[in-house]
Amino acid sequence: MDKLGRAKKLGKVEDKVQSVASTNLWFEIEPQQCPIVYRKEYNVHFGGFEKLHPFDASKWGNIFEHLKSEGAIDSNSVTKPEEATEQDLLVVHSKQYLKNLKWSWTVAKIAEIPPLALLPNYLVQRLYLRPMRFQTGGSILAGRLAMKRGWAINIGGGFHHANAHRGGGFCVYADITLLIQFLFNDRNSNVKSAMIVDLDAHQGNGYQRDFINNQKVYIMDVYNKRIYPRDTDAKKSINCKVELEPFTSDETYLDLVEKNLDDSLDTFQPDILVYNAGTDILEGDRLGCLSVSPKGILRRDLLVFQKASERGIPIVMLTSGGYLKVTAKIIANSILNLHKAGLITLPFESDCIMDLAEVLRNR
C-alpha cells in the first residue's frame, strides 16, 4: 500500500473513532435500571403489510409485555435506547448503501415484502427503517452495558444477514458488526477481541462478510445447512462451523452446542461474547426447519450464559430470528430462567422488598 493509500485508511479509522466518541447511543444508566434494552419504537407497523411476512412484527413488544406481566421489568427499569443516526451507521455501512435505502424497492427486497415497493419512501423510513434503527441503537448500547454490568440483553436486534454494503432476510442494518466496531473504536475501551456465538437457525452471513480475515473476531455458527442463505464465501470467516441437518432436536442440538462452545472458548478468550439467540430453531418454525422444543431453547440460553459466567466474559444477547407467535413468550421465559439461575439480575418487586428489608435490618 502506498503512502496515499495508508493516509486514506488512517483517515477512515480516525473518522470512526471520532464518530464513536461523539455518539449519543452510549450513555450511563441509573443503578436501579436494568441492562435490558427496549423501547416501543422497536415494533413494525405499516398498514397490515407486515402480515405478508412470517415474522411477528410485534414480537419485541410482546416480549416486554410478558416480562412486565411477571413483574420482572417495567417502563422505568428497562433501558430505552436512542435511534442510530447516519453518522453512527457510517462506522460500518457505506454511504452508497444508506443512500440506496431511500428507494422503496430496495427496502422491499431486503424486507422480503414486495408491496413495500409501492409505498412512498418517507413511509417506509418511518414505519420500517426507523424501528430498525432504534433496534440497531439498542444493540450498540447493549454492547457497552455488557462491558459495564457483565451482561446485557437487547430485546431486539441480531440482524445477522446485513453487512456493510448489503441487506437481506429482513435485516437492514449490520447491528452485530456495529456493536463490535463501536467497542473496538472506543479509545476508552478495553475490548480488543470479540466472539460471536450465533445460534439462530440461519447462517449469519452478514457479519461473516464484514469480519473476513479479522483475527480479533472469532465466529461460532450453528445453523441448518439446507436453508437460506447458503453463503459459501461468507463461510470462510467461520472459525467453528456446525452445520445441522433439518429437524435436529434437543439432545443432539444441545450436545453439539456445548461441545463446540467449550472448544471455542478453550481456543479463543474474547473480551466480550456476542450471543445471537435466534429462536427460529423452535419445532414448527417453517423457516428454521429445526425441531428444538421450548424447554430446549431455555436450556440452550442457560448453557451459553453459564459458559460466559464461568470464564468471566461479559455477554450481550440479541433476540434475532423467530417466526412463530409463541416465540415472544419463550424468550421472556428464558430471560426469567436466567434470573432464576442467578446469571442475570432483574428488578422484581419482591427483590426490591427484600433489599429494603435488608437495609432496615442494617440501620
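Helix α9, a run of 18 residues in the DSSP assignment, extends 26 Å from its first C-alpha to its last, close to the 26 Å expected at 1.5 Å a residue. Helices here are DSSP runs of H or I with at least four residues, strands are E runs of at least two, and both are numbered from the N terminus; the expected span is 1.5 Å times one less than the number of residues. The model is predicted: local features need pLDDT of at least 70, side-chain atom pairs count only at pLDDT 80 or more, and totals for chains, interfaces and linings use all residues. Residues are numbered from 1 along each chain as its sequence is written, and side-chain values use heavy atoms, with hydrogens and water left out.

Two packed helices are described by the angle between their axes and the distance between the axes. For α9 (residues 250-267) and α10 (residues 294-310), the axes come within 11 Å and cross at roughly 10 degrees. The helices are therefore roughly parallel, a term for angles under 35 degrees; axes are lines fitted to C-alpha atoms over the stretch in contact, and angles run from 0 to 180 degrees between N-to-C directions. Among the residues that meet are Y253, L254 and E258 of α9 and R299, R300 and L303 of α10. The contact comprises seven nonpolar, one polar and seven charged residues; Ala, Val, Leu, Ile, Met, Phe, Trp, Tyr, Cys and Pro count as nonpolar, Asp, Glu, Lys and Arg as charged, and the others, Gly among them, as polar.

Helix α10 itself has 17 residues and reaches 25 Å, close to the 24 Å expected. Its buried residues include I297, L302, L303, V304 and F305, and their cover includes β2, α9, β6, β7 and α11. Just after α10, G312 adopts a positive phi of about 70 degrees.

Strand β7 (residues 315-318) follows. In a regular strand the side chains alternate between the two faces of the sheet. Both faces of β7 are covered, with I315 and M317 buried on one side and V316 and L318 buried on the other. Four bridges join β7 in parallel to β2 (residues 151-154), with I153 partnering M317. Four bridges also join β6 to β7 in parallel, where V274 stands opposite V316. Strands pair if DSSP finds at least two bridges between them.

Definitions and conventions: Angles under 35 degrees count as roughly parallel, over 145 as roughly antiparallel, 65 to 115 as roughly perpendicular and the rest as oblique. Contact means heavy atoms within 4.5 Å. Buried means under 20% relative accessible area, exposed over 50%, partly exposed in between (1.4 Å probe, protein chains only).
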